Amino acid sequence: MKIAFLVPEILNCGPLNVVLNIVKFLDRGHFEPILIAIRKTNDIEYQNIFNMHLNEIYYLDECKSKIQSLEGIVLDHGVQVIHSHGYYPDKLVNALNVAHIKKISTIHCMFYKDYLKEYGYWKGLIGAYLHSKLLKNGDFQYIVGCSSSVANYCKNNLKISKTLVINNGVDQNKYFILPESEKLKYKSELGLINKRIFIFAGRFIRRKRVPELLHLFNFRNAEDVVLLLLGDGPEKEECERVFSSDNIRFLGQVSNPEKYYQIA
């Protein structure tokens, strides 16, 4: 069976990591995946990771008509299932007019909660309304919530009846408990022996509430405790200015967050 995954762009972020895990662990005896991105980005390192697991990646921004190009790719490759992630991919897949193709969308957030915090009140409100209406009235066989809370939100708040839940997977080749000797060795390399380590990994944006986390950490702080913050975003500079200390360390965007989780 040939499956096409449609994403906004190939960028190191949560939803794309979900797609990457699906692609990596598909049974290639039964499934043949291809990846289609609406636009290109400059994240070459992350694109190369996808290239290791896929034979073909397509970009719709190289074509004049995105929907015609998508239809052409789907028909040329005999795609039987198309799996979209995000508003613009969902919009294109819904408009796709190819007989006998199954359409699936995975939802990664709660629209009326997260869109407003991400894009501002009016833009977020309009985006949440359009996305929820598209999924509710669109031509999708299944709407998949990436967690039980997201699936329940789609069912109960958005009244999307064709919703099911498939929890995000974890790559156990990367995420596993280190032997104590290796854990101590890595903590020593980072100068964190005899420290209790906590991790924040994500974007420094308003809905993540990083300043509130740092206020709480300072309030509860002890000498043997360290908070490592992994990530970037518009609130990072101000957080660094106000909160940087020996016990609060800003490490920026890292390519190996699992190594920090393993010593936390």
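Colleague: What does Arg-207 count as, going by its relative accessibility?
Modeller: At 25% relative accessibility, Arg-207 counts as partly exposed, a class that lies between buried (under 20% relative accessible area) and exposed (over 50%), computed with a 1.4 Å probe on protein chains only. This is a predicted model, in which local features need pLDDT of at least 70 and side-chain atom pairs count only at pLDDT 80 or more, while totals for chains, interfaces and linings use all residues. Residues are numbered from 1 along each chain as its sequence is written, and side-chain values use heavy atoms, with hydrogens and water left out.

Colleague: Which residue does Arg-207 form a salt bridge with?
Modeller: Arg-207 pairs with Glu-118, their closest N and O atoms being 3.0 Å apart; a salt bridge here is a side-chain nitrogen of Lys or Arg within 4 Å of a carboxyl oxygen of Asp or Glu. The pair links distant parts of the chain, 89 residues apart, with Arg-207 in the loop between E8 and H9 and Glu-118 in helix H5. Those labels are DSSP runs numbered from the N terminus, helices (H or I) having at least four residues and strands (E) at least two.

Colleague: And what does Arg-203 bridge to?
Modeller: Arg-203 also forms a salt bridge with Glu-118, again with closest N and O atoms 3.0 Å apart. Arg-203 lies in the loop between strand E8 (196–201) and helix H9 (210–219), and Glu-118 in helix H5, so the pair ties together parts that are 85 residues apart in sequence. Glu-118 counts as partly exposed, at 27% relative accessibility.

Colleague: How many salt bridges are there in the whole structure?
Modeller: A search finds 12, and another of the pairs is Arg-206 with Glu-212, whose closest N and O atoms are 3.0 Å apart. Salt bridges that share partners also join Asp-114, Glu-118, Arg-203 and Arg-207 into one network.

Colleague: Changing topic, is Asp-90 buried or exposed?
Modeller: Asp-90, which sits in helix H4 (residues 87–95), is buried yet has no salt bridge, and the nearest side chain of opposite charge, Lys-103, is 11 Å away. For charge, Lys and Arg count as positive and Asp and Glu as negative, while His and the chain ends are not counted.

Colleague: Which side chain makes a polar contact of 2.6 Å with Asp-90?
Modeller: That is the side chain of Ser-84, and the side chain of His-131 makes a polar contact with Asp-90 as well, at 2.7 Å. A polar contact is a pair of N or O atoms within 3.5 Å; within protein, one must be able to donate a hydrogen and the other to accept it, and residues adjacent in sequence count only if both atoms are side-chain atoms.

Colleague: Which residues of H6 are buried?
Modeller: His-131 is one of them, along with Gly-124, Gly-127, Ala-128, Ser-132, Leu-134 and Leu-135. Seen down the axis of H6, the buried residues fall within an arc of 155°, so they line one face of the helix, the arc being that of the directions from the helix axis to the C-beta atoms. The face turned away carries the exposed residues Trp-122, Ile-126 and Asn-137.

Colleague: What do the buried residues of H6 pack against?
Modeller: They pack against H4, strand E5 (102–107), helix H5 (111–119) and strand E6 (142–145), judged by contact, meaning heavy atoms within 4.5 Å.

Colleague: Last one, where is Leu-192 found?
Modeller: Leu-192 is in the loop between helix H8 (180–189) and E8, and at 2% relative accessibility it counts as buried. Not counting residues up to four places away in sequence, Leu-192 touches Lys-187, Ile-197, Val-226, Leu-228, Arg-249 and Ile-263.
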